[in-house]
Amino acid sequence: MDSKKQTPVKYYVGIDVGSASVRAALVDGFGTVVAHADQPIQIWEPQPDHYEQSSADIWAACCSVTKKVVCGVDASQIRGVGFDATCSLVVVDKQFQPLAVNCEGQNYRNVIMWMDHRAVSQVERINATQHRVLSYVGGVMSVEMQPPKLLWLKENLQESCWENAGYFFDLPDFLSWKATGVTARSLCTVVCKWTYTSDGGWDDSFWKMIGLEDLVKDKYEKIGNHVLSPGESVGKGLTPEAAKDLGLPEGIAVAASLIDAHAGGLGVIGADVKGHNLPCENQPITARVAMICGTSSCHMGVSETPIFVPGVWGPYFSAMVPGLWLNEGGQSATGKLVVGLTLSRGLDELALIYLATIQAIALGTRHILETMQAAGHHINTLFLCGGLSKNPLFVQMHADITGKPVVLSKEVESVLVGAAILGACASGDFVSIQEAMAKMGKIGRVVQPNHQHKRFYDKKYEVFLKLVEHQREYRSIMNSF
């Protein structure tokens, strides 16, 4: 009989705040999801294009799901916690109490959601400046980023919100503050959504040009002047209060956080591919693209040097994988694109519309990949995760139309695995994010492209490109009026 004692299993908690729910998972050091729980969170839509949430409601849900997944587990085996969340804007006052982001003065509704489009006028004025920081977002800032939302708050709620605000957090950073009491921001959030640059930090001239010079005066304390790389340990770990709330031991490591899509990328892009006969084997991680496909899709590609791609966000240094530059392409509507289509004359026609929709999404992915490659990326393998990766037709179409093999994650919950990888790195159990990704990101299945269909899809792609060009011409004409 073997008398050797077994080494206790080490666990990490990943907490993911999505648009409509909070999820948590207990993940072991091999990337296996041992326990999983979720809970809905509330969304308010007080008027068209205004979407709000409550940071108190979100934190309560985080606590509830975390307690469920760690129930019955030896607390000494839980080594670290990682958070990811949507890139929503959280506003608190100087005492860290919720501050209303609405005209009704409802303080508990203190979160402007990522999908909120109230700041259209503000983003148009920001883009009209053509400031140099815009080159890091493909040349045009999105209304879903934070500067236009901050400007909207100053212009519309100056007395009630702007003048009383103590801190503006990206939601992932709010969660790490809530857990540790430290106001440090993640490089992921401030680089991707706030115009922070890794080489120069905040650009005073940008904030002054757009009318937010107030933020410069206090040395950016309100939006973050202490920035950490994703996976770095924050402060001294869980505070006593947060530990009690979450049902976890005081002082365990808390990682600098990630935006949710970036956590999904982290959960799949670094997986060990040996023995799968893939073109990316024995090549750097820069040969891979992670595609996080759900309601919308994000295409995450990394490079060793900065690559500027027209119409694609980035390059963002260390925003997902420390030490590498990130470019982020995307499709606003993928999982939602068939919603609202009417039944034509029968199921056959509906099936054709469904097939055409999936092909159009895959053709769009090919367009993004070719644009990235034309700018300097060298991509040969797709890594898919998210809800649509469960759809065999969606996966095969992407393989056939891009001509690249598609790697599917063993764990469906790749975003939660990505969050847990952050916690694992913060705990010190892995020497780097890259090591943790290789150990905890597991391949489930590989889908190879059917090259017999290449000529057919090449012809379809020619038509797709013509439609894209016609769309640009149409927009140009409409903008001239």
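Lys178 lies in helix H5, where helices (H or I, at least four residues) and strands (E, at least two) are DSSP runs numbered from the N terminus. The model is predicted, so that local features need pLDDT of at least 70 and side-chain atom pairs count only at pLDDT 80 or more, whereas totals for chains, interfaces and linings use all residues. Residues are numbered from 1 along each chain as its sequence is written, and side-chain values use heavy atoms, with hydrogens and water left out.

Lys178 is partly exposed, with a relative accessible area of 32%; buried denotes under 20% relative accessible area, exposed over 50%, and partly exposed the range in between (1.4 Å probe, protein chains only). Apart from its neighbours within four places in sequence, Lys178 is in contact with Trp59 and Ala242, contact being defined as heavy atoms within 4.5 Å. Ser88 and Lys178 are separated by 90 residues in sequence and by 15 Å in space, C-alpha to C-alpha. Helix H5 (residues 171-180) lies across strands S6 (89-93) and S8, and runs at about 110° to S8. Axes here are lines fitted to C-alpha atoms, for helices over the stretch in contact, and angles run from 0 to 180 degrees between N-to-C directions.

Strands S6 and S8 belong to an open sheet of 4 strands, with the order S4-S7-S6-S8 and antiparallel pairing. Its edge strands are S4 (52-53) and S8 (165-170), each of which pairs on one side only. Two strands are taken to pair if DSSP finds at least two bridges between them. S4 pairs with strand S7 (residues 111-112) in the antiparallel sense over 2 bridges, and Gln53 stands opposite Val111 in S7.

Trp59, a contact of Lys178, is one of the buried residues of helix H1, which also include Ser55, Ile58, Ala61, Cys62 and Cys63. H1 (residues 55-70) has 16 residues and reaches 23 Å from its first C-alpha to its last, close to the 22 Å expected at 1.5 Å a residue; the expected span is 1.5 Å times one less than the number of residues. At the start of H1, a side-chain oxygen of Ser54 comes to within 3.3 Å of the backbone nitrogen of Ala56. Such a polar contact is a pair of N or O atoms within 3.5 Å; within protein, one must be able to donate a hydrogen and the other to accept it, and residues adjacent in sequence count only if both atoms are side-chain atoms. Gly72, with a positive phi near 85°, follows H1.

The structure holds 0 disulfides, a disulfide being a pair of cysteine sulfur atoms within 2.5 Å. Cys71 is in no disulfide, and the nearest cysteine sulfur, that of Cys63, is 15 Å away. Cys71 counts as exposed at 65% relative accessibility. Cys425 is likewise in no disulfide, the nearest cysteine sulfur being that of Cys188, 14 Å away; Cys425 is buried, with a relative accessible area of 15%.

Strand S13 (residues 288-293) is mostly covered, with 6 of its 6 residues buried. In a regular strand the side chains alternate between the two faces of the sheet. Arg288, Ala290 and Ile292 point one way from S13, and Val289, Met291 and Cys293 point the other way. S13 pairs with strand S17 (residues 381-385) in the parallel sense over 5 bridges, whereas 5 bridges join S13 to strand S14 (residues 297-303) in an antiparallel arrangement. Met291 stands opposite Leu384 in S17 and opposite His299 in S14. S13 and S14 form a hairpin with 3 residues between them.

Met291 and His299 are also among the contacts of Gln331, as are Ile361 and Ile368. Gln331 lies in strand S16 (residues 325-331) and is buried, with a relative accessible area of 13%. A polar atom of the Gln331 side chain lies 2.8 Å from the backbone oxygen of Ile361.

Several backbone features complete the description. A cis peptide bond, with omega about 10°, joins Gly314 and Pro315; Pro315 is found in strand S15 (residues 313-317). Although not a glycine, Thr195 has a positive phi of about 80°. Thr195 is found in the loop between helices H6 (187-193) and H7 (204-209) and counts as buried at 10% relative accessibility. Asn277, not a glycine, has a positive phi of about 55°. Asn277 lies in the loop between helix H10 (260-268) and S13, and counts as exposed at 69% relative accessibility.
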